[in-house]
Amino acid sequence: MSGLLIRNAYVIDPLAGIRGEIMDIAILDGKIAEGAGSGCEVIDAQGCLTLPGGIDSHSHVSGTKVNFGRYMSPEDMRAGRTSRRGVMHVTSGYSVPTTFGNSYRYSAMGYTTVLEGAMAPLEARHTHEEFTATPHQDMMANTLFDGNWSVMEAVRDKDLRRTAAVVAWTLAAVKGFAIKLTNPGGTEAWGWGEDLHSIHQQVPNFGVTPAEIIGTMIRANELLDLPHSVHLHCNNLGVPGNYQTTLETIDLAPDLNSRRQSLYLTHVQFHSYGGTTWRDICSKSEDIARAVNNRPQVAIDMGQIMFGRTTTMTADGPMEWRLYMLHHNKWSNHDVELETGSGIIPVYYSRKSLVNCVMWAIGLELALLVKDPWQCMLATDNPNGAPFVKYPEIIALLMSRKFRDKEGEKIDPRTGHYVPLFSLDRELDWYEIAVMTRAAQAKALGITRIGKGTLTPGSEADVAIYPLDPADLDPAIDFEQVMAGFARTRYTIKRGRVVARDGEVIVEGANSTVWTRANVPPDMDLSADREFVKKFEQYYTVRMRNYPVQDVYLPRGVRIDTEVSP
Amino acid sequence: MRVEDVVCTFCGCLCDDLVIETDGKKIVGVENGCTLANEKFMGDHRLKSPIRREGDRWSEVSLNDAIREAAEILLDADRPLLYGWSGTHGEAQSVGVHLAEILGGVIDNTSTVCHGPSIMAIQEVGHPGCTLGQVKNRADVVLYWGANPIEAHPRHLSRYTTYADGFFVKNSFRERKLVVVDVRETESAALADEFVRIEPGGDYAVLSALRAIVRGRGEVITGPVAGVSREQLVRVADLCMKAKFGAIFFGLGLTMSPGKNKNIRNAIELTEELNRHTKFTISPMRGHWNVYGSNEVFCWITGYPYAVDFARGIAFYNPGETTSVDILRREECDACLVVASDPGAHFPRACAEHLARIPTIQIDPHVNATTHLCRLQIPVAVTGIDAEGTAYRMDGVPIRTRKLFDGDHPSDTEILERIYAIVKEAKGA
């Protein structure tokens with residue numbers, strides 16, 4: 001493979017401690033290198049902002065419920081379509097684009113790695129099929145354990161090793177990346193049309209509480225030494241007053257890992273509500289941010305909402321039902337035997353809805369109030385809060401108080417009574433944005449070990465060059481340019497190849513799927529555990545032998561091996 | 001050789017517990033299969049080599065020539081239709097979609113004549129469903145509406161409902177109530193705790209009556225509805241509302257009877273209504289083993305589950321316009337590629353006649369009714385016997401089918417990839 005030299009780049013590489021220097025970056029054989037060799041291709045970055053490829057640490061782009069979002073929403077498919085052009089396939093969809101649509105749009109924004117936020121193990125094969133059709137991003141899948149019967153039984157028996165064993169067997173079987181808990185215990189209760197309202201309420205028939213599931217899974221995660229921490233969608237999503245649940249949950253997190261957080265809380269905006277009803281809902285971002293600031297063992301992502309139309313989709317089935325009872329448009333639900341649930345409804349976030357305005361403010365407040373950008377990642381829970389194409393606008397809002405005030409004038413005038421947003425002066429800088437959109441994700445996901453999130457020699461050559469000149473731009477004022485610049489890279493480079501130029505994808509993709517295998521000692525190997533096998537054969541509707549995802553579904557799989565901690 | 005946990009590639013149940021005995025390239029025994037499965041695995045009516053119609057005679061052609069001719073027919077067409085797909089694996093479906101895309105043609109699957117109306121209803125009101133294991137482990141009330149599983153999905157009852165013991169339903173046969181709604185007393189109806197016999201065309205009215213009762217407005221029903229007595233309606237509604245977990249399964253008796261998609265919408269809205277009282281789910285009884293897979297594959301590539309028209313460059317979907325029957329009926333398409341289905345047996349006569357007039361190519365392992373309409377047929381391996389690939393069960397659970405031995409024929413994927421390569425080259429893409 002020939003080399004590539006990027007000259008004259010304004011580099012911010014937080015993991016390498018580079019906070020903005022004009023330098024050259026050499027690429028050889030898909031990796032960042034000391035030199036690119038003679039006769040290599042040269043790109044003159046002309047002082048433009050150059051960052052490691054973007055990493056999304058929580059996005060719903062592939063799998064059963066995402067595809068059902070497409071299936072049930074021809075109106076959304078019509079709302080964003082492009083024809084076949086060069087190497088680019090036809091795309092459809094605005095909030096739930098087709099796989100190629102997701103891939104091209106992420107590429108245009110400089111994103112090269114995406115974590116699918118929720119994969120039901122039983123339907124993992126589907127997620128992997130869509131990963132293969134999302135060719136320009138390396139993909140990985142959060143694997144759902146929130147209503148897993150074997151996990152709940154092991155937790156009830158206070159058997160940490162067995163809990164970890166179930167996780168290890170499942171991750172290896174379904175080629176999953178990390179542990180995801182979505183409304184732990186609540187998705188099992190939803191099997192009966194119920195939900196849980198507190199982390200100390202027992203799951204019907206299983207004799208465990210969400211707090212016990214979360215606490216045990218955090219320890220099981222560390223026992224297996226998984227790259228990422230437990231990735232948690234808290235209980236009570238979207239319920240006024242739920243910030244108490246979130247604070248209680250944060251209190252459960254021990255500090256067990258020096259390299260990263262021990263608990264990742266996702267789309268925290270949806271979990272930071274005060275008040276008691278939709279009439280008096282208010283922001284509790286200050287309380288949540290304070291808790292995060294005091295606990296280095298916790299990391300969060302924003303779950304920002306943006307005004308406009310989108311589709312909500314989550315494994316949190318009972319939440320989608322509640323949302324449907326508010327919106328009354330259309331509702332899909334899909335419970336997955338022995339494992340989890342899911343639901344989908346389309347929504348419209350309106351500037352004229354006070355509730356929506358409060359939600360909008362909370363996401364921004366979290367990013368502005370969490371002091372350390374390494375602890376708060378930029379995400380919309382795509383597409384739940386907004387489609388990911390809104391990230392550039394969010395970046396601009398975080399970098400410019402002027403822009404926030406301007407937007408504030410367009411929303412429900414009562415909003416200011418319920419949120420602190422308009423009293424916050426903080427304006428994030430380029431470095432902080434670089435942290436919140438790639439470096440923090442690489443650290444939080446534990447994928448720096450495979451060369452993600454940095455431009456140091458030996459790393460994966462995933463690079464984004466934006467048409468933004470930090471020497472010349474004041475993001476506090478020039479927010480329009482910031483937005484436009486982050487929406488379309490000049491170059492997106494994936495594993496050493498230029499894949500997108502000025503928003504156009506120019507080559508066929510060849511992504512990787514990253515997964516985790518925790519190597520366990522024989523006493524933790526469930527593949528021959530009689531009770532586990534018997535229950536599997538009795539209660540699943542798929543034979544145990546037909547359950548694991550075959551290697552053929554990961555044409556370019558990258559396996560991270562871990563060992564059980566002694 | 002004995003192969004266990006074999007996936008049956010016949011109906012949407014996608015049973016994966018068959019035991020197959022093979023002897024070289026021949027299947028000599030099937031265990032755990034229903035009669036349909038036995039015929040699928042044991043039947044041997046394969047076409048041996050590609051055939052081409054010349055006048056009123058067939059002649060054998062080489063595979064290379066057949067592939068070349070198929071590609072040329074498609075390239076020469078102004079409005080090619082690529083139809084079928086439900087009887088092959090997802091990987092082949094995926095190549096098919098890209099072939100339609102590059103040709104600027106229409107791609108459609110068998111949903112167009114089965115659960116297309118269900119999909120249209122789901123696009124209006126959504127779909128509260130679940131995987132089949134949820135029903136097996138939890139349901140205490142199951143309804144089959146316009147479906148006759150004993151004949152069409154013979155193991156549905158034993159694997160997922162009436163005869164399937166589950167975690168919370170230890171003795172399913174006793175603890176699980178079965179309601180069958182149909183216009184005639186089918187074999188499935190004979191098993192029911194409650195058989196609701198409705199007059200043909202009365203589904204919508206009966207669903208509306210049940211919804212009214214569930215909403216607490218039963219007083220609006222004063223007499224029988226479509227032949228169903230008020231007492232029975234109230235009894236069934238009551239049974240549903242008192243269920244801990246109820247599941248409705250519906251078949252073509254509901255989707256293809258008068259009302260069509262509006263019937264399904266009504267049934268979904270009844271399910272939604274019941275969820276205000278308890279837990280209820282609804283699921284279509286998908287026919288072909290991988291028809292749901294074709295919906296899935298079409299969706300992630302094009303955004304739409306069936307009837308996708310690439311003529312404008314973008315993916316365009318409008319059932320009633322871009323659906324195969326309508327395109328053929330309007331005599332609009334000038335070439336057709338049929339893959340893994342049998343429109344000759346299932347389409348209206350006028351459509352079949354048009355298929356016979358235009359160059360129709362069939363990729364299928366067997367001689368079927370469509371053979372008699374087509375100009376060229378290329379035999380392929382049977383997925384689940386001598387080819388493998390992904391299938392989606394009626395509830396969306398993806399399962400990899402197994403290849404039992406290396407057969408004499410290439411797979412659908414291989415043939416389609418070769419056609420695609422020729423087309424791609426000709427288009428300079």
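Seven bridges connect β17(A) with strand β19 of chain A, residues 343–349, and the two strands run antiparallel. This pairing comes from a predicted model, and it belongs to an open sheet of four strands with mixed pairing, in the order β17(A)-β19(A)-β18(A)-β8(B).

- Within the antiparallel pair of β17(A) and β19(A), A:T310 stands opposite A:V347, a residue of β19(A).
- Helix α11 of chain A, residues 317–327, packs on the sheet and touches β17, β18 (332–335) and β19 of chain A, while its direction makes about 45° with that of β19(A).

**Where the chains meet**

- Three bridges join β18(A) to β8(B), and these two strands run parallel; A:D335 has B:C130 in β8(B) as its bridge partner.
- The contact between the chains takes 44 residues from chain A and 52 residues from chain B.
- On the side of chain A that touches chain B, at least two residues each are supplied by α1 (64–71), α2 (74–78), β7 (81–82), α4 (124–132) and β18 of chain A.
- The residues on that side of chain A divide into 14 nonpolar, 18 polar and 12 charged.

**Chain A as a whole**

- Chain A contains 18 helices and 26 strands, and its C-alpha atoms fill a box of roughly 65 × 55 × 45 Å, taken along the principal axes.
- The radius of gyration of chain A is 22 Å, which agrees with the value near 24 Å that a compact globule of 566 residues would have.
- Of the 566 residues of chain A, 64% count as buried.
- Among the contacts in chain A with a separation of 6 or more, 78% are accounted for by residues 24 or more positions apart.

**A residue of chain B**

- B:A71 has its place in helix α2 of chain B, residues 63–76, and it counts as buried because 23 other C-beta atoms lie within 10 Å, where 20 or more are required.
- Leaving aside residues up to four places away in sequence, B:A71 touches B:I419, B:I422 and B:V423.
- The C-alpha atoms of B:A71 and B:I361 are separated by 9.9 Å, although the two residues are 290 residues apart along the chain.

Terms used: Residues are numbered from 1 along each chain as its sequence is written. Chains are lettered from A and ligands numbered from 1 in the order in which they are written. This is a predicted model: local features need pLDDT of at least 70, side-chain atom pairs count only at pLDDT 80 or more; totals for chains, interfaces and linings use all residues. The radius of gyration is taken over C-alpha atoms; the globule rule is 2.2 Å times the number of residues to the power 0.38. A residue is buried if 20 or more other C-beta atoms lie within 10 Å of its own, exposed if 12 or fewer, and partly exposed in between; C-beta atoms are placed from the backbone. Two residues are in contact if their C-beta atoms, placed from the backbone, lie within 7 Å. Two strands pair if DSSP finds at least two bridges between them. Axes are lines fitted to C-alpha atoms, for helices over the stretch in contact, and angles run from 0 to 180 degrees between N-to-C directions. Ala, Val, Leu, Ile, Met, Phe, Trp, Tyr, Cys and Pro count as nonpolar, Asp, Glu, Lys and Arg as charged, and the others, Gly among them, as polar.
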